[in-house]
Amino acid sequence: MKQEQVKTDNIDKVIRGLGNELINKYDIENTVLCGSNGPYDDNETRIRNLSHLVIITSIEIIRYGQTQNIEILGRMGEELLSQKDARGFYKMREKSGKDECNGVIGYAWLIEALIYLTKTLKDRQFVEEAGRLAKLHHFNSKMGLWGRPGYGDDVNALDYTLNHQLWYAASLCELNKILADSEIEKELDGFQKNLYANILTSKNGRISHSIYRRISCLDSLKCKIKLLIDRINEKAERPSMAYKEEGYHLFNIMALARIYYHYPQWSFFDSDKFDAAMGYINSSHFQKGLLDNEIGLDKSFVNGISEESEKKVNIYGYPYNVPGFEILYINKILPCKIEKIVVKECMEKQIQLTMDKKLNQFGLMCHDKNTINYRIYEYYRYLEITS
């Protein structure tokens, strides 16, 4: 399949207009709007969206020469570092019954921002902090997974949410291109050696949301039975994980694309599972899954969303995980994998369904109207690699 680039000139202007508005709000009003982690209703601190804003600002400076933003970016960086508590940890969210870091993905977003601060400001304090944070995450070499920071080597701290592990691994890949730390490199090697076993896909290639392997054989067996029941429920059109997996498929693939950019030699990229996952994007099921309004089929749903407009499409897709932005990045990094019409349709749906043209910002159909606007940083990551 010959790769063809989708023209995005008009959307580039819209996204950059919003990005500069967010930068100016921070500069003038010290405003960073906190989100609710999309449809999960987790009260988040400023750290997540500030981390996203750091990347937006950095790319405005690096890619577009907006050097007047350097001082603003410096303030953002100092604010991020100031959020560290006396224990050396950062609080990403405040939700009873849940950890403060949102698994390993909370620190993945922060490390990602610290990398951009380092690249843009040429200040080693940020990459050194990122390296310190990486060392807080215990790596289980048997499973090839990281645990939540602060739990030591407690196996119960392992994060079995696949997209969390992938995004964290992607951030470590980018971090270690700067640090060249042998311990981090060893962890990444262990992660990639277990990647094929940790990623499961459905028959049509959709990536499973959870990692079903466990330390003990008995626990692994229980998880396999759980997965089997889930697949039966999906086929019988009963609540299952399929609804959520549709919304997260491209988010997972974008993390893999970030990894591929630095480590294309990883064996997983030559595997049948990776081919199936990429092929799924070109299937008729893909777009249908993102437009699915059958929220009752979401097995994991615990949020009492009352606004009917927020249920018109898959709540984990366009209104939260911005697949229309992610597919552009993926298409750029992984040429010849996605059909041009699929990229174009996905991008156009993202704008059509979630962009409020009167306000010149995103938020239509979105439960978390704050976070989606900062997630334009994923589009910025596409802009950064576009010649």
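**Reading helix packing and aromatic pairs**

User: How do helix α13 (residues 323–333) and helix α16 (residues 377–384) pack, and at what angle?

Analyst: In this predicted model, local features need pLDDT of at least 70 and side-chain atom pairs count only at pLDDT 80 or more, while totals for chains, interfaces and linings use all residues. Residues are numbered from 1 along each chain as its sequence is written, and side-chain values use heavy atoms, with hydrogens and water left out. Helices are DSSP runs (H or I, at least four residues), numbered from the N terminus. Axes are lines fitted to C-alpha atoms, for helices over the stretch in contact, and angles run from 0 to 180 degrees between N-to-C directions. Here α13 and α16 pack at about 25°, their axes 8 Å apart; they are therefore roughly parallel to each other, a term for angles under 35 degrees.

User: Which residues of α13 and α16 meet?

Analyst: Contact means heavy atoms within 4.5 Å. From α13, F325, E326, L328, Y329 and K332 meet E378, Y379, R381 and Y382 of α16.

User: How is a pair of aromatic rings described?

Analyst: The description uses the distance of the centres and the angle of the planes. Rings of Phe, Tyr and Trp (its six-membered ring) pair if their centres lie within 6.5 Å, and planes over 60 degrees apart count as edge-to-face. The count comes to 20 aromatic pairs; one of them, W146 with Y168, is edge-to-face, at 5.0 Å centre to centre and 65° between the planes. Both W146 and Y168 are buried, meaning under 20% relative accessible area (1.4 Å probe, protein chains only).

Conventions
Helix = DSSP H or I, 4+ residues; strand = E, 2+ residues; numbered from the N terminus. Parallel < 35°, antiparallel > 145°, perpendicular 65-115°, else oblique. Phe/Tyr/Trp six-rings, centres within 6.5 Å; stacked < 30°, edge-to-face > 60°. Buried < 20%, exposed > 50% of the residue type's maximum accessible area, 1.4 Å probe, protein only.
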